[in-house]
Structure formats: C-alpha cells, structure tokens
Amino acid sequence: MTLAAGGTYTRIMGDDATGGRVLGLDYGSRRIGVAVSDPLGLTAQPLPPIPREGDRKDIAVLARLAAEMGVTSVVLGLPLLLNGDEGPAAVRAKAFGERMEAETSLPVRLWDERLTSVQSERHLIASGVRRADRKGIRDSLSAMFMLQSALDSGRRK
C-alpha cells in the first residue's frame, strides 16, 4: 500500500493495458463513502454509502461491489490532520486498507483526503440540499471528490 499524495504518485488506473475502474473509499466510523471511476479512469461518480458493520463484513460488501463493477484498484482516503500528521482516524484507515488489500488482492493506494468533507458540505449547501438529507450523501460525495483528485493527478504525470 502506498501513499499517493504530494507528487509521489504517478498512475491510478489498473495495471493492465485496458485500465479498469477504480473504487474510491472514504472510510468513516459510521459509513464508508463510495465512488467509482468510469472504465477509462477519467471521471468519478458517487455510489450509495455503505453502513459500517465491522471490517470483515464491510470488506466482503466492497469485494462484491468491486467484482460486479470490474474494479482493478482502490483509492482509500487518508484523513490526515490539517498539519499533515496522522491522527487516530488515519491509523484506522491505514489498517483497514491493509486488511482490504490482503483479503481482496486489489491494490489499495492511500490518498490525502483533507477537506473533502468541507468541500462536499459546501457543494450540497450550494445545491440546495436540506440539512437532514446531507448526511447520507456527504460521505460518498467526499469519496467522489477524493477519487477525482487522484484520477486528475494521475493524468497530470
């Protein structure tokens, strides 16, 4: 598993010649926000978030989703502190990523997800989404913004 941020990452698409879809995950304590790229790795679209039921069940759900969608790699948001340090949430996300990589054989790359929740909240407010309806949408929208950032960075290299 590699940290993909700060110019150290060169390519997000799958290793094979046809690329493949990339799954973006915003790992949270109550839900996992989910997004997926198109087959060419150009755009990210949000999917419904997955309610947390424990790592084993969560990984099984994500593995089925990845298989159904033809996913070849995963980008997992790393919730760094604003100063760039790893806090408890980042430690939990890294452990989840290591376990997911081991259990699914999909390469999992970490991506700095700082401020994606703020970006998602602002987007939802600007779109006129009611406060009560934002919670379920915000996690997957954050995953979408994070994945899109990773995809865009991979193309700039």
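Q: How do I tell whether Gly33 is buried or exposed?

A: Look at how much of a residue's surface a probe can reach: buried means under 20% relative accessible area, exposed over 50%, and partly exposed in between, with a 1.4 Å probe and protein chains only. Gly33 has a relative accessible area of 0%, so it is buried. This is a predicted model, in which local features need pLDDT of at least 70 and side-chain atom pairs count only at pLDDT 80 or more, while totals for chains, interfaces and linings use all residues. Residues are numbered from 1 along each chain as its sequence is written, and side-chain values use heavy atoms, leaving out hydrogens and water.

Q: Where in the chain is Gly33, and which residues does Gly33 touch?

A: Gly33 lies in strand β3, residues 31-37; strands (E, at least two residues) and helices (H or I, at least four) are DSSP runs numbered from the N terminus. Leaving out residues up to four places away in sequence, Gly33 touches Gly24, Leu25, Asp26, Pro49, Asp139, Ser140 and Ala143, where contact means heavy atoms within 4.5 Å.

Q: Which strands pair with β5, and in what sense?

A: Strands pair if DSSP finds at least two bridges between them. β5 pairs with β2 in the parallel sense over five bridges, and with β6 (residues 108-112) in the parallel sense, also over five bridges. On the β6 side, Val75 has Arg109 as its bridge partner, and Leu76 stands opposite Leu110.

Q: Why can β5 and β6 be called largely enclosed?

A: Count the buried residues in each strand. In β5 (residues 71-78), seven of the eight residues are buried, so the rest of the structure largely encloses this strand. In β6, five of the five are buried, so β6 is largely enclosed too. Val108, Leu110 and Asp112 point one way from β6, Arg109 and Trp111 point the other way, and all are buried.

Q: How do I find the largest pocket, and what is its volume?

A: Rolling a probe the size of a water molecule over the atoms shows where empty space is left. A pocket is an open set of points on a 1 Å grid over the protein atoms alone where a 1.4 Å probe fits, with protein on both sides within 12 Å along at least five of seven lines; lining residues have an atom within 4 Å of a point. The largest pocket here has a volume of about 220 Å³, the space filled by probe spheres set on the points. It is lined by 14 residues, and the closest to its centre are Asp26, Tyr27, Gly28, Ser29 and Ala89.

Q: Which element gives the most to this lining?

A: That is α4, with three residues. The elements that give two or more are β2 (21-27), α2 (88-104) and α4 (131-156).
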